[in-house]
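Please read the points below alongside the model.

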Amino acid sequence: MSLVNVPGAVEFLVTQIKKHNLQPEQVIIEVTENEMISGFNQFNSAIKQLRAEGVGLAIDDFGSGYAGLSLLTRFQPDKLKIDREIVSDIHLSGPKQAIVKSIISCCTDLEITLVAEGIEKIEEWCWLEYAASRAFCSPARSSMAWVISTGSIGWVKQIFPRHISPTPCLCLNS
């Protein structure tokens with residue numbers, strides 16, 4: 001579903017939220033950079049309507065498109081999800097590390113929750129934890145979330161045996 005290309009998408013979502021007795025604060029609309037820039041004025045209007053209803057916003061695959069940081073100058077989502085390509089082998093790449101450090105700093109200043117998805121290696125996890133803890137002088141678990149690939153769940157259970165409950169999420173991809 002597209003907020004821009006589907007007529008009545010906002011009204012449909014609000015109706016469904018009410019129909020299923022959800023609190024709007026429980027719902028986060030997840031969009032990609034491409035969705036946002038394909039019709040920015042219409043998108044911006046839709047987001048204003050949804051936020052007025054109390055619905056949250058997440059940007060998925062951040063860094064995979066062309067708009068990236070310029071979108072954050074126009075509005076701030078509640079959650080930003082770093083593209084898997086940026087996270088992959090981050091512990092081996094100086095440029096990726098510099099970019100993620102900047103994203104962590106930016107999200108901290110803008111009070112945006114940051115998510116890094118698809119971690120497949122313990123080294124990736126450790127680097128992200130280290131970078132987040134340096135940004136806050138303590139582990140930043142309250143505003144950072146690292147999402148592990150299902151293929152890596154064995155080492156995760158052994159090393160990080162904590163339970164993470166995901167936020168209900170409705171994905172809108174064009």
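**Notes on the predicted model**

1. Confidence in the protein chain is lowest in strand S6 (residues 169-171), with a mean pLDDT of 33, and highest in H1, at 91. pLDDT is the predictor's confidence in each residue, from 0 to 100; helices (H or I, at least four residues) and strands (E, at least two) are DSSP runs, numbered from the N terminus. The chain mean is 76, and 75% of its residues reach 70 or more.

2. This is a predicted model: local features need pLDDT of at least 70, side-chain atom pairs count only at pLDDT 80 or more, and totals for chains, interfaces and linings use all residues. Residues are numbered from 1 along each chain as its sequence is written, and side-chain values use heavy atoms, with hydrogens and water left out.

3. For residues 150-174 pLDDT stays under 50, and the model has 36 contacts (heavy atoms within 4.5 Å) beyond four places in sequence for this stretch.

4. Helix H1 (residues 9-19) packs on helix H3 (residues 40-53) at an angle of about 20°, their axes (lines fitted to C-alpha atoms over the stretch in contact) being 10 Å apart. The two are therefore roughly parallel (angles under 35 degrees). H1 contributes Val 10, Glu 11, Leu 13, Val 14 and Lys 18 to the contact, and H3 contributes Ala 46, Gln 49, Leu 50 and Glu 53.

5. There are six salt bridges (a side-chain nitrogen of Lys or Arg within 4 Å of a carboxyl oxygen of Asp or Glu) in the structure. One joins Lys 81 to Asp 60, with the closest N and O atoms 4.0 Å apart. Lys 81 lies in strand S3 (residues 79-82) and Asp 60 in strand S2 (residues 56-62), 21 residues apart.

How values were computed
Axes are lines fitted to C-alpha atoms, for helices over the stretch in contact, and angles run from 0 to 180 degrees between N-to-C directions. Angles under 35 degrees count as roughly parallel, over 145 as roughly antiparallel, 65 to 115 as roughly perpendicular and the rest as oblique.
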